[in-house]
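Let's take a walk through this one together. Have a look at the fold first, then read on.

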Amino acid sequence: MAASPSTTSVAGAGSLLSFSSSLSSPSRRLLLPLVRRSSGGAGHRAARIPAISAKIREIFMPALSSTMTEGKIVSWVKTEGDRLSKGESVVVVESDKADMDVETFYDGILAAIVVPAGESAPVGAPIGLLAETEDEVPLAKAQAQSQSQSQPAPVTQSPPSPPSAAAPSPPPPAPVATPVAVSEGPRKIVATPFAKKLAKQYKVDIGTVVGTGPYGRITPSDIEAAAGIQPKMPASSPSPAVTSVPQSPSPSADARAKAPAAALPPIRGSTVVPFTTMQAAVSKNMVESLSVPTFRVGYPVTTDALDALYEKVKPKGVTMTVLLAKAAALALAKHPVVNTSCKDGKSFTYNESINIAVAVAIDGGLITPVLQDADKLDIYLLSQRWKDLLNKSRAKQLQPNEYSSGTFTVSNLGMFGVDRFDAILPPGQGAIMAVGASKPTVVADADGFFSVKSKMLVNVTADHRIIYGADLAAFLQTFAKIVEDPESLTQ
Amino acid sequence: MPASVSLSLSLPLSPAASPRSDPSVAASPFGAFRRFGLRFCGLRREFLSLRSLTSEATGRISPYPARGISKKVLAAAKSNGSPTKGFDYDLVIIGAGVGGHGAALHAVEKGLKTAIIEGDIVGGTCVNRGCVPSKALLAVSGRMRELQDEHHLKALGLQVASAGYDRQSVADHANNLASKIRSNLTNSMKALGVDILTGVGTVVGSQRVKYGKVGFPDTEVTARNIIIATGSVPFVPNGIEVDGKTVFTSDHALKLEWVPDWIAIVGSGYIGLEFSDVYTALGSEVTFVEALDQLMPGFDPEIGKLAQRILINPRKIDYHTSVFAKKITPAKDGKPVRIELIDAKTKEPKDTLEVDAALIATGRAPFTKGLGLENIMVTTVRGFIPVDEHMQVMDADGNLVPHIYCIGDANGKLMLAHAASAQGISVVEQICGNNNVLNHLSIPAACFTHPEISMVGLTEPQAREKSEKDGFEIRVAKTSFKANTKALAENEGEGLAKLIYRPDTGEILGVHILGLHAADLIHEASNAIALGTRIQDIRFAVHAHPTLSEVLDELFKSAKVNMGTSPSVSEPVAV
């Protein structure tokens, strides 16, 4: 399964993960060098040193998305004392967007779980320790103890330094197997299911074992013999130590949970429900938006033509969301400055693609699936994409690039009858459009004739460091023209 | 019970007085009661009262005084009825499995003169070669697992010396259980006066059935209605040579004639999974061969994933998915069982397994040959007999065949023993004039592994599909056994209960449970579905503490039903 080596994944800004939808499993699995060496100063440097010095590796909280700063352990797939082989899932982590199985890229023994299931840890913080051999387990445990006492404060720098820069994985340890001289060339090796499991566990190269079972097959006891283990003494020898799993939650996580409660006396009858990871991410983004100087420009748009078009394309599965996203994308194509973002406060970042993020409310949260290249794809293709994105967000299976690659956001509360509202600019984007309901309105034309037209108010919030009033006004004018004469949408 | 009193009016004679129904004998003394009996078969009331008028006109009615009737009624309240004029029986059932048995019991209760034809032994697959003996083996495997799990025992503070078993005694236990249940079944029918006719039944015409043992002359009987309940046999794909010793089906495996060191199980559905539980507990190693791309394809995906984590990965089991067993050769001439695997899609040869035994658990095929279906112009579909929602048989042109019904595995609607029985009861209701359609979505299913898996209704993907088609929203609620006191007391906290429901109405669409005693827990959900109980009502029902049933209590309570409130953000909505 672990087809893609982790090192290929180290991409630019923030995304340091390689994803792969595993074919066999419905859940997504994360392939990453989950582990870094704990000895030495900077973890990623140390990993370049060959495997002699450090035998204990830290398993750290991976960054599952660019916005993720901390993650919650849903469950440990493995327990302390379990042997891990690379590619096996070790832990299930809930990020702000999805639950993911996280796999290790190293063989070893899960010596200690530092952050138990249900607890959260900042990205990059150690959540468990991986020992290479059983001898190192006590050492790792001691280390875990000291670590849980001096837990690092929550990480605050936004994109955590990519620990996966620890590119070249050290050579795998030599097989412990006692090599058996007799190799019979092309003979097919037959090993029983349990023998294969044991071989993996004891790292015995099954090709070197001579089977003594019926028809020359390799039996579990052959593997045990090859691994130098006496039969009748199963691998449970370290189990007494393992059973006493230190369940003590990390003190800092505890403190963080309790801190806000002290601020205000609780109102009688109130219940405190902690944020889910997704809600925490929303909260963080919203607070972050306060550092951006934004302004708003509103514009009324006549929608009779758009409504007529919608009726026509509705049977083909096109939704209003897609039409609006498409219209915005076409307008952005003509006003590239509205599609920029300001990353450092000193420059414009012109985005090559026009990726329209659409705000989606989902049970207890908010997510922004992205219609990529919305200016280039036709509305039917976009509608298909949109349907897929909705299904994925429902299943919490959006890939990071499917919710974090937006260059412009559209938010529509029109279906609730909201006539106008004001959206908060998400970090990393230049502008966001808030769409209100389309309502019949009496309008007077230049000649003084009254008529009733459907009008909706759109309101764009933008980062004034890069987008100015006239930019937005011109953009909105173009947008209104497209909507009022929507033929270009179906081209 | 007023109902039974009125019912019994149609059961005037003690079993002794009701001989093997020679119609000419039966006709005259029964005439008087026919009018009463008709009440319960409302549909036929007019038609028959006309008939009874004619018989009155012929003056062949014996005028029993009313009092006399009521006395006899009490004596005969639970005995077989008298047939309607012109027929040997009101109902003839072909096949005495669980489906036929359920139908027979209910028919007698409804006052129908009933016979059941069985060519083999009473009890059918379930009792003799299925659910019943396998539960005996699984009871053994469950205990073996507990006794072998040192870690678990230690956690409970128990010390047990090494556990072992005697194969023959285990096999005897399974066999004895089957015999006992079989005799219970036979006795229950005999006690009610159901005629058990021995032989292979064949439909001769729309209301005629013949039966007889091979080499003996057939006997023909007439019946007002016929139920076909001939069940199924293990399905063996082409290319697989079953010798009953090293390559075998569940029929042989249940006899537990030996415990192979290494057995391949072809098919990872209920049957395969249960046998993997038995064999691994008894010390075998197991290799699954599954044609689809994941194990346990019939289960809700989330349950399947967890089941794999609990029931497959930690055990001495490996598996090959997306492969067909193209050819399986039994062990002979000092060679092991050979299984040739080909890729399920490309059909390219993939691998060859050499194992000690192979269990073929690729499903079951309907047993409908020799039923004389051609006499009533019925063509089977892949062996299954086509039926409508009332289980009434349809002929090749899709027209209903009057008076003939088919229940259980033979119609393939839902191949479960209790489904067959429920269908049988539904048919009896139907022929007695009570319109009855069985809601198959309320029928639970269970897999008796350790821990057990159970389910009722739709899986999440099925529910999603339906919700998209019919335009409603669904939600999923889940609870874990880890939070249940009783489960933790047993040190068996692994497990999940999952509820799929409509937040707008509170309707339960499906419930899936994996965990301790899941098979017993499902009925709260299946009953709720059958009775149409909504989550907002059932969540107020009280559960004894501490019990495993609180897992479901939690589940219902964690569901968010938003009756009357805007369902604005329960499903993804672009905003």
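Which residues in α5(B) meet which residues in α9(B)? On the α5(B) side they are His101(B), Ala104(B), Leu105(B) and Val108(B), and on the α9(B) side Leu185(B), Ser188(B), Met189(B) and Leu192(B), where contact means heavy atoms within 4.5 Å. Sorted by class, that contact has six nonpolar, two polar and no charged residues; here Ala, Val, Leu, Ile, Met, Phe, Trp, Tyr, Cys and Pro are nonpolar, Asp, Glu, Lys and Arg are charged, and the others, Gly among them, are polar.

Before going further, some bookkeeping. This is a predicted model, with local features needing pLDDT of at least 70 and side-chain atom pairs counting only at pLDDT 80 or more, while totals for chains, interfaces and linings use all residues. Residues are numbered from 1 along each chain as its sequence is written, chains are lettered from A and ligands numbered from 1 in the order written, and side-chain values use heavy atoms, leaving out hydrogens and water.

Back to that helix pair. α5 of chain B spans residues 98-109 and α9 of chain B residues 167-192, helices being DSSP runs (H or I, at least four residues) and strands likewise (E, at least two), numbered from the N terminus. Their axes sit 10 Å apart at an angle of about 25°; the axes are lines fitted to C-alpha atoms over the stretch in contact, and angles run from 0 to 180 degrees between N-to-C directions. α5(B) and α9(B) are therefore roughly parallel to each other (angles under 35 degrees count as such).

Elsewhere in chain B, Ser526(B) lies in helix α16, residues 518-531. Because its relative accessibility is 2%, Ser526(B) counts as buried (under 20% relative accessible area is buried, over 50% exposed, in between partly exposed, with a 1.4 Å probe and protein chains only). Setting aside neighbours within four places in sequence, Ser526(B) touches Ser442(B), Pro444(B) and Val456(B).

Now over to chain A, which has 12 helices and 21 strands. Of its 491 residues, 46% count as buried. Ala308(A), in helix α8 (residues 304-313), counts as partly exposed because its relative accessibility is 46%. Ala308(A) and Pro486(A) are 178 residues apart in sequence, yet 9.5 Å apart in space, C-alpha to C-alpha.

Finally, the two chains together. The contact takes 38 residues from chain A and 34 residues from chain B. About 2900 Å² is buried between them, 56% of it from carbon and sulfur atoms; buried area is the accessible area (1.4 Å probe) that two parts lose on being put together, summed over both.

Notes
Angles under 35 degrees count as roughly parallel, over 145 as roughly antiparallel, 65 to 115 as roughly perpendicular and the rest as oblique.
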